[in-house]
Amino acid sequence: MSTVQLLLLLWSVAGTGPKPDAEPGWLAGCWMGTHEGREYSEMWMKPSGGSMFGLSRTVADGQTVAYEYMQIQRREDGLFFIAMPSRQQEAEFKAVKRGKTEVVFENADHDFPQRIIYRLTEEGALAASIEGVSSGQWKKIDFPMRRVSCVE
């Protein structure tokens, strides 16, 4: 390990220097959207200790039809999104693109989706989407959301 890498690591641990793989703190809070009679929402804890934890829920006809436990985790080799959806196996996606208001996670070996995208719009809305190949066809599902009170 070089001196520069060691200093970056020490600054990162101490919280006083640059964090090479900082979590997308702008995602923290509560978000909600609706589409074709379904209401979907996500709740994200603020970054702390190298991770963020989230929970999503989809409600249709007054019943929870899907939920997902989520985690964004900073590791030595990058930033990872860990999805634990209802009735499915846990899957990990590595950040392949990050900016001040966007993060793209990818796992080319996953069935669907292969990409998870979060982007904060200029208006303060959340443009979330999943995309990839499903049954031999390219597929993209958008989840536009607005920030809401966490006790709404």
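Strands are runs assigned by DSSP and numbered from the N terminus, and two of them pair if DSSP finds at least two bridges between them. The model shown in these views is predicted.

**View 1. The hairpin of β5 and β6.** β5 (78-85) and β6 (91-98) form a hairpin with five residues between them. In the turn, R87 has a positive phi of about 60°. The two strands pair in the antiparallel sense over four bridges.

**View 2. The hairpin of β4 and β5.** On the side of β4 (63-75), β5 is reached through a hairpin of two residues. β4 and β5 run antiparallel and are joined by eight bridges. Within this pairing, Q71 stands opposite I82 in β5. Seven of the eight residues of β5 are buried, so β5 is largely enclosed by the rest of the structure.

**View 3. The largest nonpolar core.** This core has 25 residues. Those with the most contacts inside the core are L27, W44, I72, F81, F105 and Y118. The elements that give two or more residues to the core are β2 (38-44), β4, β5, β6, β7 (102-106), β8 (115-120) and β9 (126-134). Leaving aside residues up to four places away in sequence, L27 touches W44, M52, I72, Y118 and L126.

**View 4. The largest pocket.** The space in this pocket comes to about 930 Å³. Of the 38 residues that line the pocket, T58, A66, E68, I130 and F143 are the closest to its centre. By class, the lining is made up of 21 nonpolar, ten polar and seven charged residues.

View 5. F112 and P113 are joined by a cis peptide bond, with omega of about 0°. P113 lies in the loop that runs between β7 and β8.

**View 6. Two loop residues with positive phi.** D61 is not a glycine, yet has a positive phi of about 50°. The loop that holds D61 is between β3 (51-60) and β4. D61 has a relative accessible area of 79% and is therefore exposed, the cut-off being over 50%. S135, also not a glycine, has a positive phi of about 55°. S135 is found in the loop between β9 and β10 (137-148). With 75% relative accessibility, S135 counts as exposed.

Definitions and conventions
Residues are numbered from 1 along each chain as its sequence is written. This is a predicted model: local features need pLDDT of at least 70, side-chain atom pairs count only at pLDDT 80 or more; totals for chains, interfaces and linings use all residues. Side-chain values use heavy atoms; hydrogens and water are left out. On a 1 Å grid over the protein atoms alone, a cavity is a set of points where a 1.4 Å probe fits but cannot get out, and a pocket is an open set with protein on both sides within 12 Å along at least five of seven lines; lining residues have an atom within 4 Å of a point. Grid points are joined across faces, edges and corners, and a volume is the space filled by probe spheres set on the points. Ala, Val, Leu, Ile, Met, Phe, Trp, Tyr, Cys and Pro count as nonpolar, Asp, Glu, Lys and Arg as charged, and the others, Gly among them, as polar. A nonpolar core is a set of buried Ala, Val, Leu, Ile, Met, Phe, Trp, Tyr and Cys residues joined through side-chain atoms within 4.5 Å. Buried means under 20% relative accessible area, exposed over 50%, partly exposed in between (1.4 Å probe, protein chains only). Contact means heavy atoms within 4.5 Å.
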